[in-house]
Amino acid sequence: MTVPQAFEELKRLARTDPALRAQLLQTQSQPDSLVRFCRIATHAGVPLSAIDVIEYGENAYAAMRRSTNGGGENSPMLDGEDDYYDLFLGELQELER
């Protein structure tokens, strides 16, 4: 399962399970937040490792940088675009509303 597939599955599960959603959101304020998040996800049946999430974010960000303005040093900084964990938590917070 790829990282985007895992996040989609987690979103699907969190949509129907408020307790899981709360657990995932609580990781944001804990030390080693990404590691705890991945443990909860794996326990919920969605295998995910912190290094996979980090690597996916960095690779996706590098691809975005290469695709803008020739990928040179003048490419715009895309603040936070490599943090898929944080972006995903934002999506979960939207489900709370």
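**Exercise 1.** Determine the handedness of the crossing of α1 and α5, and how their axes are arranged.

*Solution.* The crossing of α1 and α5 is right-handed, a term for a near helix turned clockwise from the far one by less than a right angle. The model is predicted, with local features requiring pLDDT of at least 70 and side-chain atom pairs pLDDT 80 or more, whereas totals for chains, interfaces and linings use all residues. Residues are numbered from 1 along each chain as its sequence is written, and side-chain values use heavy atoms, without hydrogens and water.

Next, the axes of α1 (residues 3-16) and α5 (residues 84-96) come within 11 Å and cross at roughly 25 degrees. Angles under 35 degrees count as roughly parallel, and α1 and α5 are therefore roughly parallel to each other.

Finally, the contact (heavy atoms within 4.5 Å) involves Phe7, Leu10, Lys11, Ala14 and Arg15 of α1. From α5 come Tyr84, Tyr85, Phe88, Glu91, Leu92 and Leu95.

**Exercise 2.** Describe the aromatic pairs that Phe37 forms with Phe7 and with Phe88.

*Solution.* Rings pair if their centres lie within 6.5 Å; planes under 30 degrees apart count as stacked, over 60 as edge-to-face and the rest as tilted. Phe7 and Phe37 form a tilted pair, 5.9 Å centre to centre with 55 degrees between the planes. This pair joins helix α1 to helix α3 (residues 33-43), across 30 residues.

Phe37 and Phe88 are edge-to-face, at 5.8 Å and 70 degrees; they lie 51 residues apart, in α3 and α5. Phe7 and Phe37 are both buried (under 20% relative accessible area, with a 1.4 Å probe and protein chains only), and Phe88 is buried too. Ring pairs link Phe7, Phe37, Tyr85 and Phe88 into a cluster.

Methods: Axes fitted to C-alpha atoms, helices over the stretch in contact; angles between N-to-C directions. Helix = DSSP H or I, 4+ residues; strand = E, 2+ residues; numbered from the N terminus. Parallel < 35°, antiparallel > 145°, perpendicular 65-115°, else oblique. Phe/Tyr/Trp six-rings, centres within 6.5 Å; stacked < 30°, edge-to-face > 60°. Buried < 20%, exposed > 50% of the residue type's maximum accessible area, 1.4 Å probe, protein only.
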